[in-house]
Amino acid sequence: MKRRLHLGVRARLAGVTLLTMLALSACAQHAQSALHPAGPVSQAELGLMGFGFWIMLGVFVVVVAVLGYSLVRFRERRGDQGLPPQVEGNHRLEIAWTLIPIVLLALLIVPTFRATFALAQQQRGPGVVQVTVVGHQWWWEFDYPQLGIVTADEMHIPAGERVQLTLRSADVLHSFWVPALAGKEDTVPGQSNTMYLEAARPGLYPGQCAEFCGVSHSEMRFDVIAQTPSAFAAWVQARQHPDSTPATAQAVQGEKVFAQYGCGSCHTIDGTQFQGKVGPNLSGLGTRLTLAGASLQNTPKDLRLWVSDAHKIMPSTVMPNFSTMSSSDLHALSAYLEGLK
Ligand code: HEC
Ligand SMILES: [Cu+2]
């Protein structure tokens with residue numbers, strides 16, 4: 001008897017915890033939320049989650065109701081002696097609780113299969129923007145093979161159109177996740193995975209690596225910037241015709257510092273002799289919103305902080321600390337890099 005009561009208490013505690021969690025998660029308004037879908041892919045995925053959730057909530061309510069009823073109805077009463085009548089086996093009940101789960105699973109399987117196959121469709125055709133996403137410890141590279149563009153940290157896409165992604169890894173397992181736009185997809189060394197996504201409206205959709213990939217995993221964020229088709233076309237134009245010529249005397253000095261410290265052995269700047277492939281492509285850096293896996297805002301001050309002390313922001317990064325660089329060299333560098341358009 002006592003044991004049954006304990007079970008009842010536990011069930012009630014679990015119920016209260018679940019409801020509290022639901023209430024709390026309903027309040028949070030995180031931009032990175034799969035509960036606020038901003039495109040057809042995440043919408044379809046949330047629809048599936050919702051369908052499963054309501055079925056399971058129904059099961060939960062029925063089980064708790066039967067449990068509660070049994071606890072009250074069959075509790076030990078004053079004057080009871082010995083064990084109550086022992087009942088074993090009930091064919092009707094056994095058949096019912098075998099059939100009900102089968103029916104529920106059958107209900108779940110139909111939309112799940114339909115959505116899984118629909119969302120796995122490769123998007124092809126002349127109008128479809130293709131992006132190769134490469135996960136690196138600890139930054140994201142975005143290549144647009146049809147357009148001849150390579151960038152990092154932010155992926156620009158046209159709103160209202162399907163964008164086909166091919167996902168790779170340069171080192172270890174990572175997982176590409178933009179909660180508002182689509183579910184996670186792993187980037188696996190030596191393998192290509194594919195997915196597509198679409199943003200219904202222009203906007204900024206934050207994403208991040210969702211697979212532990214080393215000490216700076218939490219600094220491996222990025223933004224998806226969905227633009228109107230004309231703004232996207234303008235961005236493509238600008239990236240295809242980068243302006244990498246330093247415009248001020250300080251920026252000219254900065255370009256020299258960049259060469260002198262060997263930054264170009266790791267970084268590419270389109271339209272210059274710097275063609276390194278180890279780190280992010282820095283072309284058009286001045287137009288970017290964030291730096292270094294979106295762990296810093298793209299300001300001259302944060303850029304200098306990054307160059308002089310990258311390991312403070314991102315432990316173990318391949319990017320060396322240039323802690324002995326003079327302040328004037330650092331200022332020249334930031335003038336040069338922030339001038340890249
Ligand atoms: C040994 C290779 C290497 C060298 C040399 C190097 N970097 Fe980097 N750099 C990296 C890597 C790798 C990253 C990506 C860091 C991360 O996210 O882990 C990076 C990131 C950056 C970023 C942020 C880029 C972005 O997309 O947000 C800037 C800016 C930068 N480096 C500037 C420089 C400058 C300036 C120099 C020379 C003073 C330099 N780097 C030298 C490898 C290098
Ligand atoms: Cu990662």
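This report describes the domains, helix packing, ligand shell and some local features of a predicted model.

Residues are numbered from 1 along each chain as its sequence is written, and chains are lettered from A and ligands numbered from 1 in the order in which they are written. In this predicted model, local features need pLDDT of at least 70 and side-chain atom pairs count only at pLDDT 80 or more, while totals for chains, interfaces and linings use all residues; side-chain values use heavy atoms, with hydrogens and water left out.

**Domains**

The chain is divided into domain 1 (2-19 + 32-74 + 93-119), domain 2 (129-240) and domain 3 (249-338). These bounds come from an automatic or database domain assignment. The centres of domain 2 and domain 3, taken over C-alpha atoms, are separated by 22 Å. Their contact takes 17 residues from domain 2 and 20 residues from domain 3, where contact means heavy atoms within 4.5 Å.

**Helix packing**

Helices (H or I, at least four residues) and strands (E, at least two) are DSSP runs, numbered from the N terminus. Axes are lines fitted to C-alpha atoms, for helices over the stretch in contact, and angles run from 0 to 180 degrees between N-to-C directions. Helix H2 (residues 40-73) packs against helix H3 (residues 91-119) at an angle of about 170°, with the axes 10 Å apart. H2 and H3 are therefore roughly antiparallel to each other. Angles under 35 degrees count as roughly parallel, over 145 as roughly antiparallel, 65 to 115 as roughly perpendicular and the rest as oblique. On the H2 side the contact includes Val41, Phe51 and Val59, and on the H3 side it includes Leu104, Pro111 and Leu119. The residues of this contact divide into 11 nonpolar, 2 polar and 1 charged. Ala, Val, Leu, Ile, Met, Phe, Trp, Tyr, Cys and Pro count as nonpolar, Asp, Glu, Lys and Arg as charged, and the others, Gly among them, as polar.

Helix H5 (residues 249-260) and H7 pack at an angle of about 105°, and their axes are 7 Å apart. H5 and H7 are therefore roughly perpendicular to each other. The contact of H5 with H7 has 8 nonpolar, 4 polar and 2 charged residues.

**Ligand 1**

Of the 29 residues around ligand 1, Cys263, Cys266, His267, Ala292 and Met319 come nearest; a residue is near a molecule or strand if one of its heavy atoms lies within 4 Å of it. By class, this shell has 22 nonpolar, 5 polar and 2 charged residues. Domain 2 and domain 3 each supply at least three residues of the shell. Helix H6 (300-313) and helix H7 (327-338) each supply at least two, and H6 gives the most, with 3 residues.

| Residue and its atom | Atom of ligand 1 | Distance |
|---|---|---|
| Arg288, N or O atom in the side chain | oxygen | 3.1 Å |
| Ala292, polar backbone atom | oxygen | 2.6 Å |
| Trp306, polar side-chain atom | nitrogen | 3.4 Å |

**Local features**

The peptide bond from Gln137 to Trp138 is cis, with omega near 5°. Trp138 is found in the loop between strand E1 (129-136) and strand E2 (139-144). Ala294 is not a glycine, yet has a positive phi of about 55°. The loop holding Ala294 runs between strand E11 (290-291) and strand E12 (296-297).

Gly183 is found in strand E7 (residues 182-187). Leaving aside neighbours within four places in sequence, Gly183 is in contact with Glu45, Phe176, Trp177 and Met195.

Note on methods. A polar contact is a pair of N or O atoms within 3.5 Å; within protein, one must be able to donate a hydrogen and the other to accept it, and residues adjacent in sequence count only if both atoms are side-chain atoms.
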